[in-house]
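Hi everyone, thanks for coming. Let me put the model up on the screen and walk you through a few spots.

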Amino acid sequence: MVGICGSFGSGRSSIEPLADALLQYESEDVTRYDGDDASVHVALHAEHDQPARAAGGDVLLWVWGELYGFDGPDGYVPRTRAAPNRSDAEYCAELYDRYGLGFVHGLNSEFAGIVYDRRDRTVSLFVDRLSSRPLFYARTEDGGLVVSTLVQSVADHPAVGTALDLEALCEFFAFERVLGVKTPFEGIESVHPGSVLTYDVSGDTYTTDTYWRPEYRPRERPYSQVVDEFITLFERVMGERIDDDERYGLLLSGGSDSRLLLAALKDATDVVCYHMNEYPNAEATAARRVADTAGVEFEFLRRGTDYQAALLERSAPRSNFASWFDQAHTAGFSERLRDEQDILLTGLYADTLLNGFFTPQRTIELPALGWEVELPYETDVHTVRELADRLVAIDRGTGIPEFVTVETTPEACIANNLKLKGNTVTSHGVEYPSLTKLVEYQNYPLSSDGAFLMYETLYRTLPTRDPFLDNRLVEFALRLPTSVLFRRNLVNDGLTRLAPDLAAVPHPETGIGLQHPWVMEYLLTYVTGLRDELFASEPHPGPWTNRAVAIRESDFVIETIRRHESTIRNCPFLDYDGIVECYREHLAGADRMPALYPLVTILEAPALRRRLARPSVEPLPMDPTGN
């Protein structure tokens with residue numbers, strides 16, 4: 001695994017527990033720094049030399065991520081032009097010498113880093129706009145600071161006193177993640193997205209400079225112009241991420257996002273397309289047809305009946321609690337991917353940014369089918385109850401299970417962490433323009449998105465590039481009119497322009513190519529859904545494992561429960577008999593997966609499990625505003 005950790009303060013604590021937790025493959029390149037007030041450990045996939053030095057050597061800088069350019073007073077300058085032969089840290093140090101800490105404001109696109117000013121005795125933690133590389137921090141008992149990209153290592157550090165945050169734990173059940181910058185541990189938070197948090201080692205105070213927040217500013221223009229802008233920008237972004245000397249693997253689904261990446265690769269026929277599935281179903285068949293059409297190699301990664309159990313074993317011990325364990329979709333193939341490729345490409349978050357994926361939409365109910373059909377029009381969220389219902393729906397949860405005896409509700413978890421001031425809403429430490437925008441900006445911070453563990457697993461495995469997280473594409477998405485977000489498919493139309501042969505391969509869900517009008521795709525989605533419900537011809541047509549079936553076909557859930565029976569019985573807010581009854585209900589046909597999957601994630605996460613029986617340890621107070 002890769003990442004950054006550090007300990008700061010005159011009486012800084014041992015960094016060893018943090019550093020040991022980062023090592024996973026024993027092939028990471030590791031650097032270590034020890035100074036008067038700071039110890040920093042960095043583990044990366046490739047050889048690196050950190051820290052870099054700025055300001056005549058008084059400032060030390062560490063960074064981890066994917067850096068592609070800088071948007072400054074002279075406009076955007078790609079890194080390939082400005083600093084083609086500089087390491088990540090050296091590149092940032094040069095920018096620091098020109099702009100000071102403000103260099104972070106223009107940095108593109110995914111990163112986390114630390115700046116240590118030895119003269120001023122300050123430590124600054126910085127993350128990218130969406131917090132794609134979260135940094136977790138806590139005060140130590142002697143007033144120092146402990147930092148890591150792995151939250152469980154911060155919680156388990158012997159100098160950090162922390163208790164369970166039971167509301168956050170309930171959120172993990174209800175929403176498939178802990179919201180905002182919060183964690184399941186009191187006194188431990190992640191750095192606010194798009195910000196620089198500075199800690200004064202001498203004065204033991206914090207200040208936060210939030211340099212970017214999402215701001216929706218739609219700009220009306222002809223749709224053909226929107227498509228032209230998108231294609232030009234997307235090809236430019238992809239061009240900055242491709243090096244002919246590297247081996248590339250592309251995660252290929254049967255949908256459009258990964259096809260668009262393949263189209264942008266043009267003549268790169270040495271790319272290998274990977275598709276994960278249980279068997280060659282409709283999704284896998286479509287993916288293979290796309291690869292064959294493009295003339296590239298296709299590799300089928302078959303998931304066996306024990307694959308979910310393997311994900312639990314691999315992902316839960318390193319969980320940052322942004323997702324349930326199963327979102328680590330590629331973890332079972334990590335070694336193979338590392339052996340075969342230098343770089344992974346993924347089209348994750350295209351639908352989030354360009355298709356209004358999380359934006360609240362109007363709905364109508366079809367009682368006869370038990371369906372709720374989304375209409376392609378935006379609706380507002382006005383109350384906490386509406387917000388909670390929307391988040392539960394987005395994250396496929398069913399609320400807080402009855403075997404969790406904490407007296408709270410999803411609404412209460414949100415309300416207790418919600419502050420209204422003027423026209424703004426602060427939820428779980430993150431500021432939004434309104435309740436509706438809180439739902440709409442579910443990729444802000446990215447590190448609390450319910451599927452984030454998939455992306456996190458990828459970049460922990462080997463260098464991973466996602467063009468849709470480029471600052472310029474994010475800003476482009478924030479300028480799209482709602483008519484484009486809801487009643488067009490920009491990725492499909494861009495793909496049709498770039499590679500009509502790839503677009504012509506039928507989508508596994510609709511049965512038609514992607515070149516057809518959006519309204520046809522919209523209607524066929526529900527028509528085929530009705531067909532599959534009435535005349536199901538395939539038990540598993542999509543790309544993801546049917547988790548409800550996996551629980552019935554394997555014993556990994558009940559074995560995990562039984563293995564940790566004593567922990568559960570000693571826990572004051574978990575009912576062991578209720579858990580067993582929940583499992584039996586699932587075997588009898590009910591879908592209790594949304595209760596059982598977060599439970600086993602918690603039980604297999606060492607830092608959480610160790611605190612289940614003693615949730616009342618008093619943490620040190622933490623106020624990141626410095627007040």
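Let's begin with the second largest pocket: its lining has 16 nonpolar, 11 polar and 16 charged residues. Here Ala, Val, Leu, Ile, Met, Phe, Trp, Tyr, Cys and Pro count as nonpolar, Asp, Glu, Lys and Arg as charged, and the others, Gly among them, as polar. A pocket is an open set of points on a 1 Å grid over the protein atoms alone, where a 1.4 Å probe fits, with protein on both sides within 12 Å along at least five of seven lines; lining residues have an atom within 4 Å of a point.

A quick note on sources: this is a predicted model, where local features need pLDDT of at least 70 and side-chain atom pairs count only at pLDDT 80 or more, while totals for chains, interfaces and linings use all residues. Residues are numbered from 1 along each chain as its sequence is written, and side-chain values use heavy atoms, leaving out hydrogens and water.

Back to our pocket: 43 residues line it, and Ala46, Glu66, Asp88, Glu246 and Arg465 lie nearest its centre.

Now, some rings. The whole structure holds 24 aromatic pairs, meaning Phe, Tyr or Trp rings (six-membered ring for Trp) with centres within 6.5 Å; planes under 30 degrees apart are stacked, over 60 edge-to-face, the rest tilted. Phe185 and Phe321 are edge-to-face, because their planes sit at 65 degrees, with centres 6.1 Å apart. Both are buried, that is, under 20% relative accessible area with a 1.4 Å probe, protein chains only. Tyr307 and Phe333, by contrast, are stacked, at 5.1 Å and 25 degrees.

Conventions: Buried < 20%, exposed > 50% of the residue type's maximum accessible area, 1.4 Å probe, protein only.
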